Structure formats: structure tokens, C-alpha cells
Amino acid sequence: MTRDAAHLLPSTEPVTLIDPDGHPVPHVGLDMPEPQALVHAYAALIAARRFNDQANALVRQGRLAVYPSSHGQEACQVACVQVLGDGDWLFPTYRDSAAIVARGVDPVQTLTLLRGDWHSGYDPLATRVAPQATPLATHLLHAVGVAHAARLRGEPTVVMALCGDGATSEGDFHEALNFAAVFRTPVVFFIQNNEYAISVPLSRQTAAPSLAHKGIGYGVPGHRVDGNDVAALLRVLGTAVERARAGEGPQLVEAHTYRVQAHTNADDPGRYRSDDEVTPWLSRDPIARLATYLHDRGLIDEAERAVVAARAEDLAERMRAGLNAETVADYRDLFTHVYAEPTPQLLEQQAMVADELSREEVPS
């Protein structure tokens, strides 16, 4: 028997509720989020932008090894967290530091991985945020596993699994979707399509009409949303979370956004794209359009905006203080958490490192 695939098809155009000029866009079946939710999102967007700017500055000062910025994608970072409950899980990538902070994780702990000090600077179990994944799409399988376990235990947990457009070309992405669909695991696969996988444009990644269409082959409904419109993101992602929690199985959401800055501080985007391509996206900035919408409706005034900006500055100050503090690495940490019980080979390697360190010249 062939199942009806119509319900799996994403919309022909990404859903938008607030246009780039800050004007509301009517949409059948999706209302504007409550004003309180939008004001909350505005504060989170300001904090996320300040976090990105400060992290970039810390790289230039040599306090961070590298930073993959989400500048211009902050609406995705904020909305995917705002629709989750306390008991839900977030599975981020290396570009999703702002989302981790929005989830409530300490900003310095969030950057510990990118500083090169430790695998994850925070406790995943305590925060319900998985360690940031650098390999593309590998964490999607872990996300499905956590969601499947929660379903077997009868828990109402939903897992938000983040990835970029490049990850959709990896085998792990397809394995994760297939397993999740067959076993109806409560996962929302959230693709932040920012048009480039490092230097490879989307046109060289896929011939599909959209990345959301990739769910059809696995029986996963796809949804498309304007990734620079936090109002639309809150509604589309919120609905996806509700469906997953209600037992309707995994959901696939593609946000259309753009990577305004370089892939990382070590990248030169001028080698594969022009400034003329970037410029139009600057006028679609997620913060400006929401600020205009809120201001026009009297939902936020200059005094409240000043308070929000001051809180963001406090966040930046905590980042500077924490990242400027010197840390002392213990080589034994490299071996302590590899296995529950160290193997003889691991103990031998640890002894070799200890011996080499003991023979290093001690500065006078």
C-alpha cells in the first residue's frame, strides 16, 4: 500500500510573519506569537549578537582558538531554545554557542571547548545540552538515541537537533532521519540553511527543491521558515515541538538564513563569494525587523531597550573576565575519561607523557 505523501510536503515558500521592514505578514493557520514571547525573544537576540561580537574579539586577542559566528542567524539560535521545555534536550553544533547560552548555560563554560581547554565546559546532564559537535551530523544519531530512550521510558521529552546545510549531505543525517521516522522518535531536526558549507554553495550540495523536501523519502514531514524572522520561527518550531511531543514522530524544519560573517575566523569568504551577495542579507537582519515591529506597536520603548542592552554588556563583561583568566591544563585529563576503567595501553601512554614532561627543561 502506498501512503499519501501530501502531508509530508513543505510549503512552497518559507513561512514569514514579520517582513524585513518590520511589517506583519498574515499567514493562514499561524498567528503572531504573544507580545511577551516576542519581547523575550528581542532580549535574547540582543544578548546573542553581543555574545557573537565579544567572542570574535576574544579570538583576535588570542583568548579563543577559533569562533564560528552565528551573526545574522541569531533568530534561529534564540527561537529553537525558546520553544523547548525544561525537560527537553538541545543537541547543538559548533556554530550554536549562542543557542547554548540562550538555554541558560554559563557563557564562559560554553566557550571552553572553543578555547581548547576541554571537550565540553558544561555538564550535559545538568543542562540538558549535549556537547557541541564539530563533525558534521554525527550528533544527530545521538539525538535520536536520546529521544528514542525517552520514548521507551514514557517521558514527554522532545529533542531539538541542530545542523547546517552541509550536514544534510552526510550519511549520518539520513540514518538519523530514517531511524527516527521508523520508530517515531520525538526529534525536531532543525536545519539552519545559511547557503554555504564552508566554501561550498547550496547549489553544489543538493538538487532538491529545498532541504525540507529531504524528509519526504523517510516519511518525515518537512517545514520551511524564514530564518531571519523570529516570530515565524517561534510558531513553526513551536508547532513542530508540539507535534513531536504529541507522538506524531520526528519533524524536519529548514530555516532559510545566511552566514553573514566568515565560516570561522580562519576563513576568507572573499575567495568564494562577493560583497554584492552579502549586502542584500544585511537589510534582512533579524534584530532590526523585530525591533521595528515591537517599536511600532508600543511593545518596547527606549528605556526597556537600554535595559536589554545593559544586560548584554554584563554578559560580555563576564565573558572577558572568564576568558582572560589563565587556566592550568592537567595532562592526566586526556586519559581519565576515555574509558570507565583505564586499559593497560592507556596507562602506558599516560606514563610516556609523564616521562616526557618530567624531562622538559625547567625555566630558570
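The model is predicted: local features need pLDDT of at least 70, side-chain atom pairs count only at pLDDT 80 or more, and totals for chains, interfaces and linings use all residues. Residues are numbered from 1 along each chain as its sequence is written, and side-chain values use heavy atoms, with hydrogens and water left out.

Trainee: What is the strand order of the open sheet of 5 strands?
Mentor: Strands are DSSP E runs of at least two residues, helices are H or I runs of at least four, and both are numbered from the N terminus. Two strands pair if DSSP finds at least two bridges between them. The pairing here is parallel, and the order is β1-β2-β3-β7-β6.

Trainee: Why is one side of β1 and of β6 left without a neighbour in the sheet?
Mentor: Look at β1 (89-91) and β6 (222-226). Both stand at the edges of the sheet, so each has a single partner strand.

Trainee: Which residue of β7 is the bridge partner of Val-188?
Mentor: Strand β3 (residues 187-193) pairs with strand β7 (residues 251-256) in the parallel sense, over 6 bridges. The partner of Val-188 in β7 is Gln-251.

Trainee: What angle does the direction of α2 make with that of β3?
Mentor: Angles run from 0 to 180 degrees between N-to-C directions, and axes are lines fitted to C-alpha atoms, for helices over the stretch in contact. Contact means heavy atoms within 4.5 Å. Helix α2 packs on the sheet and touches β1, β2 (159-164), β3 and β7; the angle with β3 is about 170°.

Trainee: How many nonpolar residues are in the contact of α2 with α9?
Mentor: The axes of α2 (residues 74-82) and α9 (residues 230-245) come within 9 Å and cross at roughly 35°. The contact includes Ala-75 and Cys-76 of α2 and Leu-233 and Leu-237 of α9. Ala, Val, Leu, Ile, Met, Phe, Trp, Tyr, Cys and Pro count as nonpolar, Asp, Glu, Lys and Arg as charged, and the others, Gly among them, as polar. The contact has 1 polar residue, no charged residues, and nonpolar residues numbering 8.

Trainee: How far apart do the C-alpha centres of domain 1 and domain 2 lie?
Mentor: Domain bounds come from an automatic or database domain assignment. Domain 1 is 5-327 and domain 2 is 330-363. Their C-alpha centres lie apart by 38 Å.
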